[in-house]
Amino acid sequence: MSFTQPTRRGFLQGGAAFGVASLMGSTAMANLDPNSFRDRIFHATHFGPFNGVVRDGVLVGINNVMELDARPTEMLNFGILDRTYDKSRINYPMVRKSYLAGWESGDTKPELRGKEEYVRVDWDTVWSLTAKALLDTATNHGNEAIFSSSYGGWANAGNFRPNVMQGRLMNLIGGCTNTAGDWSAGASQISLPRIIGDMEVYSAQTAWEVIRDNTEVFVLVGCDPIKNNRIEYTVADHGMDGPWAQIRDNGTRFISINPQRTASDEYLNAEWLKIIPNTDVALFNAMAYHVLENGLEDRAYLDKYTVGSDRWIAYVQGETDGIPKTPAWAAEITGMDEAKIKELAELLATSKTEIAGAWSLQRAQHGEMTHWAIINFSALCGQIGKPGQGVGFSWHYGNGGMPQSGKATPTGLSQGRNWVTKVCPASRITEMLENPGKEFTYNGNTNTYPDVKMIVNAGNNFMSHQQDTNRLIRALEKVETIVSVDVWWTAATRWADIVMPASSTLERDDISVGGTYSNDRVYAMKKVIEPVGESLSDYEIFEGLADKLGQWVQFTEGEDLMYHIEQAYSRSGAAQHTSFEEFWEKGYARQEVPQEARQWVRHGDFYTDPDANPLHTASGKIEMFCEDIANMGIDDCPGMPMWMEKHEYLGNAAEGQLHVVSPHPWFRLHSQMDQSETLRALYKVQGREPVRINTQDAADRGIEDGDLVELYNDRGTVIAGAVVSDDIMPGVVSIYEGAWPSLDSKGRCNSGLVNFLTSTQRSSGLTEATTANTVLCSMRKCLDPDGPNMAYEKPSIIEDMELAAIDESLLGLDRVYDITDSLMADMGPAERLYYERCTVCHAPREVTHFTQQQWRGITPSMFPRAGFDEDEAAMVMEFLMENASDAVR
């Protein structure tokens, strides 16, 4: 290669010293049996912290660290070890056979994805082919034709996650089309800021001691915190299990509104109230009607803290459409007893009530309406912001309720500026691939879908996430190249052309925090074993690709990963009292939680003084009717929470059809851990995903517990194992999301991936979010299973094909400079310097993300790292001051 910039190879040959590499082999000794051998190394995952027990370089066990996690789960104790050496590991770089044969001619036969064998190759081959595909796509179609499906970042708990590494490289060469929003809470994260001034779905909850000491009634609406808090986005601490018991034992009454009885219902002794899925808006509007009819509303609260209550109340009372939303009206829709609706309304209105709404409620058609209806009901009763009362939409996530440290957490590498403005809502990938150039609305703006020619997918199993999987498989045939970076042969890798094997986090170093909301610990994710096969860390994978593209210095800053980990730690609160060397040796450092955090109330400051602490809504108040949303004129998302019939639900089901709900699994994190043989033995039925079926529904179809059944509709068929139960209401079946797929000879998913049944129907034109829980299917006993579930077997691989080295002159790698030069063409000299040399460190992606004062604080360290002379520094500083968030323009 004839690049003018230094390369990784050249840098290494120069003998540069790297960071604090001497610390990489250190071990932690927490919870260590003094009489046992001492080869234990501290690590941390989504499933909790632990010491890895290593013998002769092999991970042989998991040693729990009880002072950090007193309630470790089976996913930690069995799943981690199982999946590390599972046969589903991707051991070597791979290229699909037809893609390898046709990379020069373009005859790559995309229709064979998911069907034909892979060829084992070396790293230079996959980097070369990926670099060529990126440059071909950018040159021929523009960078918007490159699509990143790596949304979310759930691949692992580390700061140096694969989606971040991918984004950093992509933005160095002009960027790509990214997803907007996410799959988990795509509807409410867009709607709720306009309604109550915050996403809410990713927000901290009232401190649990406040709930324990004040709450009389705690309502779980589809919410299952005991199950879902077994994992976290960062490192699970399982800190709420004990507090939930204290809340229960202190006399709080729990009520669960749900089509099925949950683990939380059992643990909290909750009263179970059955409800037809997707009908919660009707229930809460009817309870509001009953509250109004009996004069139980808080008019003074409405006047002081809300806007638009009169318009919503007029709707509830039937003044706008002639249909009073009475309990009798709701009973027909929800399947609940009219008298019970009245009783519940009176109880909640006259008690100190906290209402916890699950994210699953808004993963439905018109999903924006459900959390909004809960907010309006609670506001009607004058409860939001009072101690132990109000609403919370993250009690089931990140151990909501744990007091917050408020300390800074480690930050990773900046992804820099993405020059592409096209986006695709996270659940609309299939729609985008099928309809290039089509207009769509999202978050109040009109957008058009790009014409995607290449997909890069790092650490994300989008083939399991996306709805209507059969439709997605067909849509992928128009994509020229699909690259997947992963540790295991997940669905996303089985439909890829180029597969890069990432090491698991146990095979590299990283850093994370404990507790999504508490943030009370910083964790060292230390390398426990050497990489399996020829796998590399995500940092090394994209470092190698950056080197191939002449961007190595910009990507790495001339440093190795350990250096960046130390820098990430230095920006945490823990660094103020614990040195990096001490932290890394021990494996963790604590971040103190202030005493006042234990009395924190969600929306409490707003309630105490709404003038001094207004909400971040247009009015500064709770918007029970939202003019902003109403003025968008979106047919399927009105300006207040109204009941709207769904395109598929039990209210319009054909005879024999059932409603499918697909909650988060007990023994997995989405699709993670599905390959664990030990865990599968605990819950799979004849090797398939279990489906919970009501006793009468099973009897009507001749199905017995343990039978294989087929769930089917016009989108697809899945085979699952029957779990017959009275803990689910008639007409509803429940199958966990996230199973790994395996298609049999009849086109059925022989493993039980529910997304072969789900619909690509959008939630609304406001959010374009998923409707995975708005699904009908039919069910029958499976009489012809087509062999065992093969989801966990490797695809066919050709190990010994003789391959010629790729001639780099055929790749056109120098084209990258045409691309990067053109990015800077319309910039002034100061802006050009900033985006060339500053955003690859730890500055914000955009100048407007910092105030002038903040820029003054960061530039003394940023400018030397960027290598500016005095004139360059002065010029860039002027640019920053003119464009900072608080600059006068």
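In this predicted model, the second largest cavity is lined by Thr45, His46, Phe47, Arg83, Ala155, Asn156, Ala157, Thr505 and Gln672. Three of these lining residues are nonpolar, five are polar and one is charged. The space inside the second largest cavity comes to about 40 Å³. In total, two cavities reach 30 Å³ or more.

The largest cavity has a volume of about 50 Å³. Its lining consists of 13 residues. Ala180, Asp182, Gly186, Ala426 and Ala769 are the ones that lie nearest the centre of the largest cavity. By class, the lining of this cavity divides into six nonpolar, five polar and two charged residues.

Strand 17 spans residues 454-458. Five of its five residues are buried, so strand 17 is largely enclosed by the rest of the structure. The side chains were sorted by direction. Met454, Val456 and Ala458 point one way from the strand. Ile455 and Asn457 point the other way. Residues on both sides of strand 17 are buried.

Strand 17 also pairs with other strands. Strand 6, residues 146-148, is joined to strand 17 by three bridges. Strands 6 and 17 run parallel. Within this pairing, serine 148 has valine 456 of strand 17 as its bridge partner. Strand 18, residues 481-486, is joined to strand 17 by five bridges. Strands 17 and 18 run parallel as well. Here isoleucine 455 stands opposite isoleucine 482 of strand 18.

Helix 6 covers residues 188-196. The helix is mostly covered, with eight of its nine residues buried. The buried set consists of Ser188, Gln189, Ile190, Ser191, Leu192, Arg194, Ile195 and Ile196. Several elements contribute to the cover over these residues. Among them are two helices, helix 16 (368-380) and helix 26 (627-630). Strand 15 (439-442) and strand 23 (622-623) also form part of the cover. Just after helix 6 comes glycine 197, which takes a positive phi of about 85°.

Asparagine 269 sits in the loop between helix 10 (263-268) and strand 10 (271-273). With a relative accessible area of 59%, asparagine 269 is exposed, because the cut-off for exposed is over 50%. Aspartate 468 is another non-glycine with a positive phi, in this case about 50°. Aspartate 468 is placed in the loop between helix 18 (462-465) and helix 19 (469-475). The relative accessibility of aspartate 468 is 7%, so this residue counts as buried, the limit being under 20%. Asparagine 269 is therefore exposed, whereas aspartate 468 is buried.

A further asparagine, asparagine 228, lies in helix 8 (residues 225-228). Its relative accessible area is 16%, and asparagine 228 is therefore buried. The side chain of asparagine 228 makes a polar contact of 2.6 Å with the side chain of lysine 227. Beyond its neighbours within four places in sequence, asparagine 228 is in contact with His396 and His664.

Note on methods. Residues are numbered from 1 along each chain as its sequence is written. This is a predicted model: local features need pLDDT of at least 70, side-chain atom pairs count only at pLDDT 80 or more; totals for chains, interfaces and linings use all residues. Side-chain values use heavy atoms; hydrogens and water are left out. Buried means under 20% relative accessible area, exposed over 50%, partly exposed in between (1.4 Å probe, protein chains only). Helices (H or I, at least four residues) and strands (E, at least two) are DSSP runs, numbered from the N terminus. Contact means heavy atoms within 4.5 Å. A polar contact is a pair of N or O atoms within 3.5 Å; within protein, one must be able to donate a hydrogen and the other to accept it, and residues adjacent in sequence count only if both atoms are side-chain atoms. On a 1 Å grid over the protein atoms alone, a cavity is a set of points where a 1.4 Å probe fits but cannot get out, and a pocket is an open set with protein on both sides within 12 Å along at least five of seven lines; lining residues have an atom within 4 Å of a point. Grid points are joined across faces, edges and corners, and a volume is the space filled by probe spheres set on the points. Ala, Val, Leu, Ile, Met, Phe, Trp, Tyr, Cys and Pro count as nonpolar, Asp, Glu, Lys and Arg as charged, and the others, Gly among them, as polar. Two strands pair if DSSP finds at least two bridges between them.
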